[in-house]
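Please have a look at the sequence and the model before reading on.

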Amino acid sequence: MNGTITVVDKGAVRVHSYMSPDDSLNVTTQLIETPARIVAVDAQYALGYADEVVAYARGLGKPIDRLIVTHAHPDHFHGAARFGAPVHALAAVRDQIAAQGDTQDPTGTPIPAADITPTVVVTPGTETVDGVTFVFEAVSGGEAADQLVVKLPESGVLVAQDLVYHDTHLFLGNDDITGWEKALDTLAADPSYDTVLAGHGLPAGPEVFGELRRYLADARELLGDDGEAYKKAIMGRYPEHGGPFLIDIANGYLFGGA
């Protein structure tokens with residue numbers, strides 16, 4: 001296996017976090033294993049890594065109940081069709097994915113829009129899945145225009161996805177550091193969750209919120225009008241972080257060329 005699997009056992013549920021290698025942005029898919037099924041969250045960028053996730057999920061011996069796509073960045077929905085399950089998303093996220101049209105994975109393999117556009121709308125609120133309480137919350141601003149946060153209150157698990165990166169560089173292409181800080185403050189204000197699942201990187205604890213605030217403060221200080229200078233400066237402050245290509249992608253949006 002090319003990706004990294006981390007298992008968090010919470011008794012009633014087990015979470016299997018699959019983080020792709022650095023060459024695919026350390027994107028993390030969450031497999032939430034309930035007593036009789038699996039709820040998957042986000043679907044990988046490269047189809048080959050999506051296939052790895054699905055093969056691992058099948059090895060758990062339970063059907064994939066659904067795939068939840070948290071936001072409309074391609075690294076989280078390209079592999080959606082590989083899961084063979086209904087694709088759920090907020091209405092705004094569904095529309096944003098549909099508007100992007102046909103696409104392709106990093107190898108050039110075509111990905112028709114019809115194969116990846118969510119078909120089930122997630123309404124913010126509470127739903128019981130296989131006896132497990134899921135809380136769905138919509139967040140506007142930050143890393144993406146619209147994002148879905150999934151909470152498992154009985155297990156203390158917060159599926160933050162791209163509102164949280166763990167030991168990886170941040171994608172700042174949405175140009176909304178203030179919105180991201182606000183979202184982090186809201187998440188950090190609830191002490192009920194001791195496990196925080198990141199959209200890029202390995203599972204973390206609540207301390208990750210402080211780490212992200214520091215990174216965002218540094219980014220605000222260092223961002224100027226030169227993308228390469230910013231990349232050199234932020235990598236100098238966080239030399240151990242993975243995903244440096246995320247900086248390049250974001251710079252294409254911030255400084256032109258995306």
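By class, the lining of the largest pocket has 11 nonpolar, nine polar and four charged residues. In this classification, Ala, Val, Leu, Ile, Met, Phe, Trp, Tyr, Cys and Pro are nonpolar, Asp, Glu, Lys and Arg are charged, and the others, Gly among them, are polar. The model is a predicted one, in which local features need pLDDT of at least 70, side-chain atom pairs count only at pLDDT 80 or more, and totals for chains, interfaces and linings use all residues. Residues are numbered from 1 along each chain as its sequence is written, and side-chain values use heavy atoms, with hydrogens and water left out.

**The pocket and the cavity**

The largest pocket has 24 lining residues, and those nearest its centre are His73, Pro74, Phe171, Ile249 and Tyr253. Its volume is about 430 Å³. Helix H2 (91-100) and helix H7 (245-255) each supply at least two residues of this lining, and H7 gives the most, with four residues. Helices (H or I, at least four residues) and strands (E, at least two) are DSSP runs numbered from the N terminus.

One cavity of 30 Å³ or more turns up in a search of the whole structure. The largest cavity holds about 60 Å³ of space. Among the residues lining this cavity are Gly142, Glu143, Phe171, Trp180 and Leu254. By class, the cavity lining has six nonpolar, two polar and three charged residues.

Grid points are joined across faces, edges and corners, and a volume is the space filled by probe spheres set on the points.

**Salt bridges between helices**

The structure holds 14 salt bridges (a side-chain nitrogen of Lys or Arg within 4 Å of a carboxyl oxygen of Asp or Glu). Three of them are set out here.

| Pair | Closest N to O distance |
|---|---|
| Arg213 and Asp185 | 2.8 Å |
| Asp248 and Lys231 | 2.9 Å |

Arg213 forms its salt bridge with Asp185. Arg213 lies in helix H5 (residues 207-222) and Asp185 in helix H4 (residues 177-188), so this pair ties together parts that are 28 residues apart in sequence. Arg213 is partly exposed at 32% relative accessible area, and Asp185 is partly exposed at 41%. For these labels, buried means under 20% relative accessible area, exposed over 50%, and partly exposed in between (1.4 Å probe, protein chains only).

Arg237 is partly exposed at 37%, whereas Asp218 is buried at 16%.

Asp248 has Lys231 as its salt-bridge partner. Because Asp248 lies in helix H7 and Lys231 in helix H6, the pair ties together parts that are 17 residues apart in sequence. Asp248 is partly exposed at 26%, and Lys231 is buried at 17%. Elsewhere, salt bridges that share partners join Arg37, Asp65, Arg66 and Glu127 into one network.

Leaving aside neighbours within four places in sequence, Glu127 is in contact (heavy atoms within 4.5 Å) with Arg66, Val132, Thr133, Phe134 and Phe136.

Glu33 belongs to strand E3 (residues 28-33) and is buried, with a relative accessible area of 7%. The side chain of Glu33 makes a polar contact of 2.8 Å with the side chain of Lys62. Not counting residues up to four places away in sequence, Glu33 touches several others, including Ala12, Arg14, His16 and Leu60.

Conventions:
On a 1 Å grid over the protein atoms alone, a cavity is a set of points where a 1.4 Å probe fits but cannot get out, and a pocket is an open set with protein on both sides within 12 Å along at least five of seven lines; lining residues have an atom within 4 Å of a point. A polar contact is a pair of N or O atoms within 3.5 Å; within protein, one must be able to donate a hydrogen and the other to accept it, and residues adjacent in sequence count only if both atoms are side-chain atoms.
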